[in-house]
Amino acid sequence: MNNVRETRRGRISPYDLQIKTIMKKMLRQSVGIDVGKDELVSKYTRLHEDFQREIVSSQVVKNNPQGFSKLLSWCDKLKVKDLELRFVIEATGVYYEALACFLADQGQKISVILPNRAKAFSKTVTTKTVTDMTAAESLALMGLEKQLDDWQKPEEEINNLKQLNREREQLLQERSMIKNQLHAEQHSAWPVEQSIKRMKDRIRYVTKQIKQVDLEMQQIQEGNATLNERIGKVCTIVGVGQVTALAVVAETAGFNLIRNKRQLASYAGYDIVEKISGTSVRGKAHISHKGNKNLRKAMHYPALTAIKHDPKMKQLYVRLVSKHGIKMKALVAVQRKMLVLMYTLWKNEQEYDPEYETKIKYLGQPTKETALTELDLVRSN
């Protein structure tokens with residue numbers, strides 16, 4: 001009776017308020033999932049037409065196929081029909097991959113967020129407590145407020161290349177470590193011959209494993225005609241060999257989710273960061289290093305080769321060194337340019353033409369000065 005009287009006086013009863021909320025038009029719905037080794041913590045959220053966010057429910061399931069099915073059934077009961085439901089997952093090591101593949105096979109919309117981006121967005125949320133639940137809620141709200149890219153399940157061959165490439169890097173690091181230990185032991189005042197022998201045996205064994213990994217990667221490449229053809233065209237760049245091309249293609253999933261050159265630079269950690277505020281804060285521009293370190297590592301030696309044997313890259317390197325005198329900074333600019341060039345050849349399925357820019361200018365078509373790095377662009381504005 002009290003609810004009725006309040007309604008007649010112009011007030012809204014709690015019951016009517018609940019009905020009005022239900023009848024609001026939904027703009028978006030999103031599920032944020034914080035992935036752990038053993039369990040998945042999920043939050044289901046909705047965005048109403050008045051841009052009010054609603055935390056609907058939460059769920060905790062095991063990180064296994066049975067838990068995936070339970071999670072999907074829970075979402076089916078809550079979701080609004082005829083409205084896209086997006087799953088937002090943080091890329092936590094390899095523990096998210098099985099869930100992402102399961103949801104992709106079920107035809108769901110998925111966005112996989114890098115940890116640094118998820119952390120940056122969580123700072124905009126008013127909640128100061130950091131738990132698995134708040135992390136899942138932050139991811140869900142990110143799905144409501146941001147336009148996120150769809151995650152696509154990588155091809156099996158590309159995924160295998162990625163695993164093999166990372167195994168190869170680990171083996172190379174292990175061999176370097178053993179070689180350093182061997183060098184120290186051999187130059188010791190009291191070298192132990194048996195230890196030296198075992199170290200040499202381990203070096204031979206690791207070297208044999210590296211050759212096996214190289215052979216398996218080559219077999220994957222040659223077994224896929226399209227991949228083999230594109231890799232061959234990318235390798236026409238001076239300094240880029242088969243191992244480098246396979247590493248870059250593997251780490252970028254065949255440039256599957258890369259939309260433009262700037263995004264590629266950011267993904268690799270070659271994007272420029274500069275902090276300027278008023279007249280007192282004048283930070284130096286530098287690359288962020290917040291990206292895929294395996295990509296930057298793969299481009300180091302090819303860049304060293306390119307500045308010796310490619311006139312275009314050598315010209316860029318010399319110009320930048322003469323400008324600021326920092327050789328490593330100029331080398332990083334060459335690395336970035338070569339990575340972008342690999343992406344361009346891969347997407348256009350073309351071979352490297354050193355005279356391409358000259359031909360463009362000769363035809364009278366507008367072009368930017370390709371030697372101008374992103375850092376130059378920042379300083380010129």
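Colleague: Exposed means over 50% relative accessible area, buried under 20%, and partly exposed in between. In this predicted model, is Asp105 buried or exposed?

Modeller: The model is a prediction, and Asp105 has a computed relative accessibility of 52%. The cut-off for exposed is over 50%, so Asp105 counts as exposed.

Colleague: Which residue forms a salt bridge with Asp105, and how many residues apart in sequence are the parts that the pair ties together?

Modeller: Asp105 forms a salt bridge with Lys153, with the closest N and O atoms 3.2 Å apart. Asp105 lies in helix α4 (residues 97-105), whereas Lys153 lies in the loop between α6 (132-145) and α7 (156-186). The pair therefore ties together parts whose separation in sequence is 48 residues.

Colleague: How is Lys153 classed by its relative accessible area?

Modeller: The relative accessible area of Lys153 is 41%. Because the class between 20% and 50% is neither buried nor exposed, Lys153 is partly exposed.

Colleague: Which residue forms a salt bridge with Arg86, and what is the relative accessible area of Arg86?

Modeller: The partner of Arg86 is Glu84, with the closest N and O atoms 3.3 Å apart. Glu84 counts as partly exposed at 43% relative accessibility. Arg86, by contrast, is buried, since buried requires a value under 20%. The relative accessible area of Arg86 is 10%.

Colleague: Which residues are linked with Glu84 and Arg86 in a network of salt bridges?

Modeller: Opposite charges on side chains can pair when the charged atoms come close. Here Glu84 and Arg86 belong to a network of salt bridges whose other members are Lys109 and Asp150.

Colleague: What is the N to O distance in the salt bridge of Asp38 and Lys37?

Modeller: Lys37 counts as exposed at 52% relative accessibility, and Asp38 is partly exposed at 48%. A salt bridge needs the nitrogen within 4 Å of the carboxyl oxygen, and the N to O distance for this pair is 3.0 Å.

Colleague: How many salt bridges does the count come to by this rule?

Modeller: The rule takes a side-chain nitrogen of Lys or Arg within 4 Å of a carboxyl oxygen of Asp or Glu. By this rule, the count comes to 14.

Colleague: Which residues of β4 point the other way from Leu85, Phe87 and Ile89?

Modeller: Strand β4 (residues 85-90) is mostly covered, with six of its six residues buried. In a regular strand, side chains alternate between the two faces of the sheet. Leu85, Phe87 and Ile89 point one way from β4, and the residues that point the other way, likewise buried, are Arg86, Val88 and Glu90.

Colleague: In which sense do β4 and β5 pair, and which residue of β5 stands opposite Arg86?

Modeller: Strand β1 (residues 26-35) pairs with β4 in the parallel sense over five bridges, and Gln29 stands opposite Leu85 in β4. β4 and strand β5 (residues 109-113) also pair over five bridges, in the parallel sense. The residue of β5 opposite Arg86 is Lys109.

Colleague: What is the handedness of the β-α-β unit made by β4, α4 and β5?

Modeller: Just after α4, Gly107 takes a positive phi of about 75°. The buried residues of α4 pack against several elements, including β4 and β5. The β-α-β unit made by β4, α4 and β5 is right-handed.

Colleague: Within what arc do the buried residues of α4 fall?

Modeller: Leu99, Ala100, Phe102 and Leu103 are buried in α4. They line one face of the helix, because seen down the axis of α4 they fall within an arc of 160°.

Colleague: For helix α11, within what arc do the buried residues fall?

Modeller: In helix α11 (residues 261-268), the buried residues are Leu264, Ala265 and Ala268. They line one face of the helix, because the arc that holds them, seen down the axis of α11, is 100°.

Colleague: Which residue in the hairpin of β2 and β3 takes a positive phi?

Modeller: β2 (39-48) and strand β3 (residues 53-62) pair in the antiparallel sense over nine bridges. Ser57 in β3 is the bridge partner of Tyr44. The hairpin has four residues between its strands, and the residue with a positive phi, near 65°, is Phe51.

Conventions:
Residues are numbered from 1 along each chain as its sequence is written. This is a predicted model: local features need pLDDT of at least 70, side-chain atom pairs count only at pLDDT 80 or more; totals for chains, interfaces and linings use all residues. Side-chain values use heavy atoms; hydrogens and water are left out. Buried means under 20% relative accessible area, exposed over 50%, partly exposed in between (1.4 Å probe, protein chains only). Helices (H or I, at least four residues) and strands (E, at least two) are DSSP runs, numbered from the N terminus. Two strands pair if DSSP finds at least two bridges between them. A crossover is right-handed if, with the strands pointing away from the viewer, the path from the first strand over the helix to the second runs clockwise. The arc is that of the directions from the helix axis to the C-beta atoms. Contact means heavy atoms within 4.5 Å.
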